[in-house]
Amino acid sequence: MLSICIASYGYEVGPLISALDRERREGFLEGWGAELLVADQFPSPQPHTEAWAWGQYFHRPNGLGRSENRNFLTQQARGTHVLYLDADACDRAFDPGIVE
């Protein structure tokens, strides 16, 4: 199984999750299985997390920094492989099909 881990500090991750969900539905992860884990350290929680079709959201406004947030995600991950993505990956470089 692949654990897709997204660490955030208040960045809207909805577009990235939508793009990943589209790839998942189109068969990119066929045969793998995957889980999505999002940890956000911003004081306010992400909007609309209940609409995400898959994954777990952790609101952790502890301010301990990026490394601690990623370490937490690693501890939560159940997959044999881990993929870390920055929360703004969709804005910077996500092109549909990039993960092929």
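**Salt bridges**

Across the whole structure, a search returns five salt bridges. The coordinates are those of a predicted model.

Begin with R25 and D21. Their closest N and O atoms are 3.1 Å apart, and the two residues form a salt bridge. Both belong to helix α1 (residues 14-25), where a spacing of four residues separates them by about one helical turn.

Next, select R60 and E68. Their side chains meet in a salt bridge, with 3.1 Å from N to O. R60 has a relative accessible area of 16% and is buried; the cut-off for buried is under 20%. E68, with a relative accessible area of 22%, is partly exposed.

Then select R70 and D86, a salt bridge whose closest N and O atoms are 2.5 Å apart. R70 lies in helix α2 (residues 66-76) and D86 in strand β4 (residues 81-86), so this pair ties together parts that are 16 residues apart in sequence. R70 is partly exposed, with a relative accessible area of 27%. D86 is also partly exposed, with a relative accessible area of 29%.

**Aromatic pairs**

Turn to the rings. How many aromatic pairs does the structure hold? It holds two.

Select Y9 and F42 for one of them: the pair is edge-to-face, with 5.2 Å centre to centre and 85° between the planes. Y9 sits in the loop between β1 (2-8) and α1, and F42 in the loop between β2 (34-40) and β3 (56-59); the pair links distant parts of the chain, 33 residues apart. Y9 counts as exposed, at 52% relative accessibility, while F42 counts as partly exposed, at 32%.

Now select F58 and F72, an edge-to-face aromatic pair with 5.1 Å centre to centre and 85° between the planes. This pair, too, links distant parts of the chain: F58 is in strand β3 and F72 in helix α2, 14 residues apart. Both F58 and F72 are buried.

Keep F72 displayed and bring back R60. R60 lies over the face of F72, at 3.7 Å from the ring centre.

**The largest pocket**

For the last stop, select A7, S8, Y9, Y11, Q41, G65, R66, N69, R70, D86, A87 and D88, which line the largest pocket. About 210 Å³ of space lies in this pocket. Which elements give two or more residues to its lining? They are β1 and α2. The largest share of the lining, three residues, comes from α2.

Colour the selection by residue class. The lining divides into four nonpolar, four polar and four charged residues.

Several residues from earlier stops return here. R70 and D86 are among the lining residues, and they form the salt bridge with N and O atoms 2.5 Å apart. Y9 is another lining residue, and its ring pairs edge-to-face with that of F42.

Key
Residues are numbered from 1 along each chain as its sequence is written. This is a predicted model: local features need pLDDT of at least 70, side-chain atom pairs count only at pLDDT 80 or more; totals for chains, interfaces and linings use all residues. Side-chain values use heavy atoms; hydrogens and water are left out. A salt bridge is a side-chain nitrogen of Lys or Arg within 4 Å of a carboxyl oxygen of Asp or Glu. Buried means under 20% relative accessible area, exposed over 50%, partly exposed in between (1.4 Å probe, protein chains only). Rings of Phe, Tyr and Trp (its six-membered ring) pair if their centres lie within 6.5 Å; planes under 30 degrees apart count as stacked, over 60 as edge-to-face and the rest as tilted. A charge sits over a ring if NZ of Lys or CZ of Arg is within 6 Å of the ring centre and within 35 degrees of the ring normal. On a 1 Å grid over the protein atoms alone, a cavity is a set of points where a 1.4 Å probe fits but cannot get out, and a pocket is an open set with protein on both sides within 12 Å along at least five of seven lines; lining residues have an atom within 4 Å of a point. Grid points are joined across faces, edges and corners, and a volume is the space filled by probe spheres set on the points. Ala, Val, Leu, Ile, Met, Phe, Trp, Tyr, Cys and Pro count as nonpolar, Asp, Glu, Lys and Arg as charged, and the others, Gly among them, as polar.
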